[in-house]
Amino acid sequence: MLLDQKILPASSNMKEFEQFLKSPFEIGVMLEVHIAQLKNINAMAKSYGKKIIYHVDMIQGLKSDDYSTEYLCQEYKPYGLISTKSSVILKAKQKGVLAVQRVFLIDSHALEKSYKLIEKTRPDYIEVLPGAMPWMIKEVKERVNIPIFAGGLIRTPEEVKNALDAGASAITTSKRELWEDIQIQNSDT
């Protein structure tokens, strides 16, 4: 499952989610959400023809493990799931859902642990945070040979371009201005 969308709008509340629904983007990321909102979010996304990638670790009221992943996949049929947890990634892959392993680029030790985790899970994508470090995006992509989403601390169109030029397949961002700027850039091509 390769994406051709360069910006993945990320919503952390219903207002942002409604803005995503009105956008031309087909795929979006749902960050912080309460379990009781899932049914409504799923129905709204379906009615707008949108595909949702849920961040499992940030669903309040739901433990991020393989059981909750199975529940999400069966009940809501998401386009994809993001998690730092290997059990979530492995179960998402088993269920045929786009599996995105979230990795924090904190220090060399954390990076080496992440490489080992990625070898075990072999996710469809890796989301690296912060994504405002193009040299690290390039290094991670060369090391693991898995497509990358860059997220976190990307604040300007130039930083979006730098991350994409470094090898990121897409940018995850809740910064609405970047959604709009990229829409303008895409319409010029």
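**Figure 1. Around helix 4 in a predicted model.** The cover over the buried residues of helix 4 includes helix 3 (66-76), strand 6 (80-83), strand 7 and helix 5. Those buried residues in helix 4 (residues 86-94) are S86, V88, I89, K91 and A92. Here, buried means under 20% relative accessible area, exposed means over 50%, and partly exposed is in between (1.4 Å probe, protein chains only). Helices (H or I, at least four residues) and strands (E, at least two) are DSSP runs, numbered from the N terminus. Just past the end of helix 4, look for G96, with a positive phi of about 75 degrees. This is a predicted model, where local features need pLDDT of at least 70 and side-chain atom pairs count only at pLDDT 80 or more, while totals for chains, interfaces and linings use all residues. Residues are numbered from 1 along each chain as its sequence is written, and side-chain values use heavy atoms, with hydrogens and water left out.

Figure 2. Eight strands form a closed barrel in the order 1-2-4-6-7-8-9-10, with parallel pairing. On average, neighbouring strands of this sheet are turned by 25 degrees against each other, direction ignored. Two strands count as paired if DSSP finds at least two bridges between them. Strand 1 pairs with strand 10 (residues 170-173) in the parallel sense, over three bridges. In strand 10, I171 is the bridge partner of I7. Helix 5 (residues 108-121) packs on the sheet, touching strand 7 (98-104) and strand 8 (125-129), and its direction makes about 165 degrees with that of strand 7. Axes are lines fitted to C-alpha atoms, for helices over the stretch in contact, and angles run from 0 to 180 degrees between N-to-C directions. Contact means heavy atoms within 4.5 Å.

**Figure 3. Strand 2 and its partners.** Strand 2 (residues 27-30) is covered on both faces: I27 and V29 are buried on one side, and G28 and M30 on the other. Strand 1 (residues 7-11) pairs with strand 2 in the parallel sense over two bridges, and A10 has V29 as its bridge partner in strand 2. Strand 4 (residues 51-55) also runs parallel to strand 2, joined to it by four bridges. There, K51 in strand 4 is the bridge partner of I27.

Figure 4. Strand 1, helix 1 (residues 14-22) and strand 2 together make a right-handed β-α-β unit. Right-handed means that, with the strands pointing away from the viewer, the path from the first strand over the helix to the second runs clockwise. Helix 1 lies across strand 1, strand 2 and strand 4, and runs at about 150 degrees to strand 1.

**Figure 5. Zooming in on S11.** You'll find S11 in strand 1. S11 has a relative accessible area of 1%, so it counts as buried. Apart from neighbours within four places in sequence, S11 is in contact with E16, F17, F20, V29, M30, L31, E32 and W179.

**Figure 6. Stepping back to the fold as a whole.** The protein has eight helices and ten strands. Its C-alpha atoms fill a box of roughly 40 × 40 × 25 Å, taken along the principal axes. Of its 189 residues, 50% count as buried. Of the contacts in the protein with a separation of 6 or more, 52% come from residues 24 or more positions apart.
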